[in-house]
Amino acid sequence: MVSKICTGNYAAAYGSMRSRARTVAAYPITPQTFIVEHISEFINNGEMDCEYIEVESEHTAMSACVSASASGVRTFTATSSQGLALMHEILPIASGMRLPVVMAVVNRSIASPINIWVEHNDIMPERDSGWIQVFCDNNQEVQDMILQAYRIAEGKRVALPVAVCLDAFILSHTVEPVDLIEQDAADKYVPEFSPTGAILDPDDVAAVGVFTPPDYMMECRWQTDKAMRNAVEAIGEANEVFAKQFGRDHGGMIDPYMVDDAEAVLVTMGTASSTAHEVVDEMRAKGKKVGLVKLRFWRPYPSELLRAIAEKVKAVGVFDRAVSYGIGGPSYIEFRNAVFGLDLPVMNFIGGLGGRDVSLQDVRFMYEKLLEAARTGVVKRDITWMGTRGVEQ
Amino acid sequence: MKLKELPDEELFTRGHTACAGCGAAVAVRNLMKVLGKRTMVVNPACCLLIFGATYPYLAWKVPFHHVAFENTAACATGMSRAMKVRGKEDTVVMGIAGDGGTADIGIQALSGAAERNEDMLYVMYDNEAYMNTGIQRSGSTPFGAWTTTTPVGKVKAGKADFKKDMPLIMMAHNVPYVATASIGNIQDFINKFEKARNMKGFRYIQVFTPCPTGWRHDTAKTIEVAKLAVDTGMWTLYECENGKVKINRKPKMTPVSEYLKVQGRFRHMKEEDVRKLQDWVTSKWEADERYAQCRQ
């Protein structure tokens with residue numbers, strides 16, 4: 001095992017190399033650009049045996065990945081924000097065709113106003129695209145999840161694309177020590193690509209993507225829905241096998257911390273989790289019963305796991321780095337659905353938009369509000385815009 | 001390959017649901033005979049997708065792939081690179097799209113693939129409007145033509161702008177092969193597809209394919225209309241091979257009115273507009289000829 005100080009972007013690119021992606025089609029966009037640069041360097045230095053397609057847009061990047069994958073080759077791409085939005089049309093085609101394309105998404109704010117910093121509003125519109133989506137908390141996890149993504153995506157049981165999400169700049173451009181997986185070990189974990197369904201092959205004629213009348217659509221949709229449900233098991237297995245081989249257990253669907261006897265729990269995604277983790281330790285030292293759930297997989301959504309935790313606590317807060325205008329944070333909306341019918345105070349904290357810092361003090365504020373709700377059983381304000389000028393706190 | 005040497009085997013078979021007299025179906029049936037079995041097809045949302053590949057029926061006897069509308073060249077790129085990875089580079093990867101899917105919405109992906117010199121044959125079957133959605137104007141619709149978005153009204157009638165010169169745009173990409181073809185000149189058509197099949201890198205062929213449904217002509221006269229387009233200069237046959245341009249057939253310069261009068265889509269045109277179109281045809285031919293002389 002080689003340990004190296006590297007950025008999240010390097011970790012993502014390295015993960016794709018070690019997973020032996022054979023076709024990469026990608027387009028530069030801040031803050032994802034270094035991923036495509038690193039891959040180009042790997043290829044030009046002879047370290048990575050891969051067709052790199054320097055496409056003219058993200059739309060073409062995703063289209064080329066879909067067709068290369070449909071033609072029986074392991075593919076990888078990466079994007080951010082507006083680039084992801086440009087890919088939007090092709091994302092449900094990848095899942096509808098049941099293609100195990102893997103993509104790193106460096107989560108960045110979506111315009112307007114134009115902004116290049118972290119926010120999860122870019123991926124939220126892709127919630128229903130049929131992509132498995134996992135949020136990472138550190139650069140080690142980024143590399144590890146790229147490998148796990150191929151294991152989850154490929155195979156008949158799932159056969160769906162996976163997006164590995166990392167927060168802009170906080171991970172993409174920040175260096176951290178990462179245990180880089182060597183090729184032999186990677187090969188043992190990610191088996192050689194063997195397509196599951198019909199592929200495009202001159203020696204074995206098949207059609208992929210034909211026009212489909214109403215008589216057959218419901219069944220196609222049902223099969224994709226079932227595949228997404230099957231993914232829960234595949235995610236657990238991928239994590240278990242990984243933990244056994246590499247000694248790192250990232251938790252699978254969710255990663256709970258100090259929730260067993262907690263009164264107030266916060267649900268976070270991405271790098272806000274590490275910040276909250278610190279605050280939990282600090283408050284626990286003061287005897288306050290707080291806990292944390294790191295929501296790793298956004299699709300499939302861990303409804304049952306979250307409900308089981310919610311049943312044991314007195315108040316839950318959901319931190320969103322995104323907003324669905326007029327209703328609240330997407331993660332909050334999803335969580336309320338998971339705990340429907342439970343008599344439980346649930347609060348939403350919206351913050352960190354467009355790269356605004358999420359500080360320890362912010363998280364302390366959230367936990368204090370939650371402990372108050374746990375004590376009184378009353379939610380004074382269900383949605384709080386953190387540290388926003390002109391908004392009452 | 002001579003016309004009589006075309007194989008009997010159909011790789012785009014009978015049973016498809018194209019309209020009677022469909023020029024695109026004639027083009028596809030014949031070009032597949034030339035390209036042969038070792039061909040893989042990418043096709044966007046267009047008439048050809050619907051009449052050739054509606055589940056559970058399939059007219060294609062080769063691998064067939066549809067993804068979306070504007071990304072034919074992008075998908076053909078992915079397929080072509082995948083064949084390289086898998087050591088199956090003897091395959092002809094063909095992207096085939098209509099004029100809307102090529103000259104309008106697909107031009108970005110097409111230009112990118114051409115600039116990268118991707119190993120593919122890109123075919124634009126040009127029926128001069130969005131026929132699948134019901135005859136709407138495209139960048140490739142000729143001046144004056146009625147379409148459902150350039151209807152004949154009291155104040156305006158027909159398309160106000162001239163046809164986009166796609167082959168010229170493609171030649172500007174300096175790709176190994178660019179050609180124009182017509183289903184009305186079948187030997188020339190065969191020659192060009194045969195040449196393209198045997199080349200590597202990016203090849204572009206634009207085939208003129210009349211559409212009786214959209215052009216409002218007799219379904220029995222598809223070939224006649226195609227021939228008239230070449231004779232009048234509305235469509236010129238040339239090719240550009242590794243930068244050298246060759247005119248394959250000089251137009252007879254039959255008056256353009258002869259071409260217009262057999263089609264309902266031009267029926268409303270006033271004399272002055274016919275003259276305007278005639279002037280455009282004349283100057284376009286002169287320009288094509290000069291361009292060919294410059295790049296011999």
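Author: Two residues are in contact if their C-beta atoms, placed from the backbone, lie within 7 Å. A residue is buried if 20 or more other C-beta atoms lie within 10 Å of its own, exposed if 12 or fewer, and partly exposed in between. This is a predicted model, in which local features need pLDDT of at least 70 and side-chain atom pairs count only at pLDDT 80 or more, while totals for chains, interfaces and linings use all residues. Residues are numbered from 1 along each chain as its sequence is written, and chains are lettered from A and ligands numbered from 1 in the order in which they are written.

Reader: Which elements do the buried residues of α12(A) pack against?

Author: Helices (H or I, at least four residues) and strands (E, at least two) are DSSP runs, numbered from the N terminus. The buried residues of α12(A) pack against β11 (264-268), α9 (272-285), β12 (290-295), β14 (315-320) and β15 (346-350) of chain A.

Reader: Which residues of α12(A) are buried, and which exposed residues does the face turned away from them carry?

Author: Buried in α12(A) are A:Asp362, A:Val363, A:Met366, A:Tyr367, A:Lys369, A:Leu370, A:Ala373 and A:Ala374. They lie on the same side of α12(A) because they cover an arc of only 160° around the axis; the arc is that of the directions from the helix axis to the C-beta atoms. The face turned away carries the exposed A:Leu360, A:Gln361 and A:Thr376.

Reader: What comes just after α12(A)?

Author: A:Gly377, with a positive phi of about 75°.
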